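Hi everyone, thanks for making time this morning. I'd like to walk you through two interfaces, one after the other.

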Amino acid sequence: MTGRGAAGAVRLPSDRWQIWDTALWLVPVAVYFLFPGYLVLGSQVIITALFALSLDIVIGYAGITSLGHAAFFGLGAYTAGLLAAHGWGELLTGLVCAAVVAAVVGYLTSFLVVRGAALTQLMITLGVGLLLLEIANKATPWTGGANGLSDMTVDKLLGVFRFDLEGRTGYIYSLVVAFAAFVLVRRVVSSPFGLSLRAIREGAARMPALGAPVGRRLVAAFTFAAALAGIAGALLTQTAQVVGLEVLGLQRSATVLIMLVLGGTGRLYGAFIGAGLFMLIQDYFARRDPMYWQLWIGCLLVAVVLVGRGGILGIVDALRARWARRRAP
Amino acid sequence: MTAGAAAEPRPVALRTEGLCKRWGVVYVNDRIDLTLPVGARHALIGPNGAGKTTLVNLLTGLYPPTAGRVLLGDTDVTRLAMHERVKRGLVRTFQINTLFPGLTVLESVVLAICERTGVARRWARSVARFDAPIAEAAALLDRLGLGSVAHTVTRNLPYGKQRLLEIALALALRPKVLLLDEPASGIPAGDSTEVFEVIAALPGDVTVLFIEHDMELVFRFAQRVAVLVDGRLLTEGTPAEIAADPRVRDVYLGETASEKLG
Amino acid sequence: MAAFITVLFDGVAYGSLLFVISVGMSVTLGLMRFINLAHGAFAMFGGYTACVLAERWGLSMFASLPVVLVGFAAAGAVLERVVYRWVSRTRPLDQVLLTIGIAFIATALAGILWGPDQRHLPRPEALDGQLHVLGVDLGVYRLFLIGMVVVITAALHVLIERTRFGAQLRAAVDRPDTGAGLGIPVNRVFTISFAIGSGLAAVGGVLGVEMLGLDHSFTFTYMVYFLLVVVVGGEGSIIGSAAAAIALGVFDVVGKYYFLSTGAFLIYALMVVLLLIFPHGLIRRGR
């Protein structure tokens, strides 16, 4: 990928699809056939991974400290829920509406966030997230309050496939949408815009001296991430046909942050690995002993921060680098 | 001010009027009037703490002045944000390397070029497919002797190469006015002359102001020298005039003398 | 009108509690530039300690206060040396993650040790009942709370403004690097400040068992409130924290009492607005 090409020209690493990209994406496909009883959980993992991917844009690429990303997830979820509850069950327009609503709120919020220091960013994102939670909690005639919305019907996928109880349709739907989003994010991240985002994260002091309008770039990134989170939220509502307060709030924001950090920020697959491992282990442990589950997650989190290797993918990268050094003379 | 200059006045690239910056009660820059004609190669010298870097920060817009104006060409840029001044051709380097630790050398320079050409806004195509910026970046790196480390991540570069990258980033922006803050510091003596030769070889319509402590480099490459002491412009003139000026010798000798006395 | 004064009074008492607990976090943030989301855990464990002391050995709340203060101050000093100093130079995001992890651990430990139920601390008889002041009935316990906070604030003020340690602390908050250059034992200042902050938080936890409620999820329940006080009040500012805490307490109680349906909405909206107007907190210290 790097190094000199055929004509001796210097190249940058390209974003061409590689073998292990295909291999990694074959895993959820294989799951569909190998574990037909776990497809509902599988959809949730995929949706959460998409949510984590959107957070990666904020934290891993734009470098904004956010504890309120669930706000956009929740906005998308409730938008899709409200549409479906009021008779508009069409899926793709539901996704689009959710993305638009989340993007608009994200855009407005971004101005508050891009100017501040890390602590201010934290508080504002937290504040906005909690504000929305309170609104959802109190606006009972609209949102169902603490009970949420459950009386909704969604159309059949592509007019043919009904959402079945085993979750087969939901799984395929989520997987396809997540894949499309992933391809888009991958392209954006490897674009010049993506490079400038990485540079802002690495050296925000230098960027204005390069003529880059840092604020504008961050606003764009934040809005994009909000839209993606909204799509993830809408997916959840559409596949589960229910939406409640737990799509909002500190718990969800903190959890997705932990997943992302465990998997590795700034590396797109970190979101998927983190979400996958976290939710699988949680599904196993949390039912048995929620207290110990919390204890181990806490310890793991502390370990990840102290060791500072950038999560699982960070360790993988470090190992690869060491292996490459050993192979080179 | 080039008062008494006989020839017709050259167009002015950069000018300040009564530029002041106050931190608390101290005037770090005090009523600075500086004029750089187009194509000038001026040096700014002065003891440590004289306010040279602050002046550059004011010129580029890192913070607003307490009073005074900055004019780029004919335009008053005093209220403009830094990135807007860069777009108009006012570029600087930093005294302390201010780079992108996780980006490679090539990526950094490509980014600078993309910012200049407006390509940096593009989000739908991989940056590896933009041949022109990459080729331009590669050529610039070769010119500055950074070709061999093009794919090295910045944080792994030796200090001297980082300094060169600092300059490469500025040159990639095709500046009209270039402000260099101690460009040669940390670069081994032989290479620093090379760097200055690259700068001296810049087109005649590029204006350069460099802060330097190495008097040899100042004498070799500067047409005029401005001396900043305690926030004020002490004097300005050709290198020979400055060298002969007793006040300047006082300031520098005074410094060395007090160092010797401990 | 009398009802309003009572509600206001309640709010001030509530805010005072928040202040006592949060002041340590404010100092940590202003001094060590460290965001400690797990600060509430000190309060939580302080409360649990008092409960255990009361249940096992019949220690009254009055008696457990000094025990908790000293004990947790010591624990804070140890923690600062062992853990926090190691991570003091990390990025804010890492600090957030680290302290969330510690908060998880604290919550889990509390749940494992003492179960998920709410705990109670018997109120000392001397503090029962109400005082009739200027035509209004004021709870003695709440008066005691406010009184304690006034005493603590005064003590802190004297410590910070009148002692050499206080001068060193203020210098270190304003300019830590210069402070070290001037020969101020910055590390010792850090340790002592952290110890005082932890001790006070624990004391606040004891005093607040009944008013704030104590269960193993306390750290998370109140995390946002403490953050609010610190951020709105300005990192490192005692007066600012006090003002922010009282304001928060009053708004919360008044809001819940009079505008039952809006609840916490007011608080968060107020916070966002305040942060927009004062991006560095209400009273900015140094820097």
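Predicted model: local features only at pLDDT ≥ 70, side-chain atom pairs only at ≥ 80, totals over all residues.

Residues are numbered from 1 along each chain as its sequence is written, chains are lettered from A and ligands numbered from 1 in the order in which they are written, and side-chain values use heavy atoms, with hydrogens and water left out.

Let's begin with chain B against chain A. Chain B brings 37 residues to the contact and chain A brings 32 residues, where contact means heavy atoms within 4.5 Å. Together the two chains bury about 3,000 Å², with 66% of it on carbon and sulfur atoms; buried area here is the accessible area (1.4 Å probe) that two parts lose on being put together, summed over both.

How many salt bridges are there between chain B and chain A? The count is three, taking a salt bridge as a side-chain nitrogen of Lys or Arg within 4 Å of a carboxyl oxygen of Asp or Glu. One to look at on your screens joins the side chains of A:R206 and B:E166, at 3.0 Å from N to O.

Which pieces of chain B do the touching? Helix 2 (82-87), helix 3 (105-117), helix 4 (131-143) and helix 5 (159-172) of chain B each supply at least two residues of the side that touches chain A. Helices, by the way, are DSSP runs of H or I, at least four residues, numbered from the N terminus. Helix 3 of chain B has the largest share of that side, six residues.

Now please turn to chain C against chain A. Here 42 residues of chain C meet 34 residues of chain A. These two chains bury about 3,200 Å² between them, and 89% of that lies on carbon and sulfur atoms. Within chain C, the residues losing the most area to chain A are C:L93, C:L97 and C:F104, together 17% of what that side buries.

And the salt bridges? Between chain C and chain A the count is zero. On the chain C side, helix 4 (92-114), helix 11 (223-233) and helix 13 (265-277) each supply at least two residues. Helix 4 of chain C gives the most, with 16 residues.

That's my tour, so over to you for questions!
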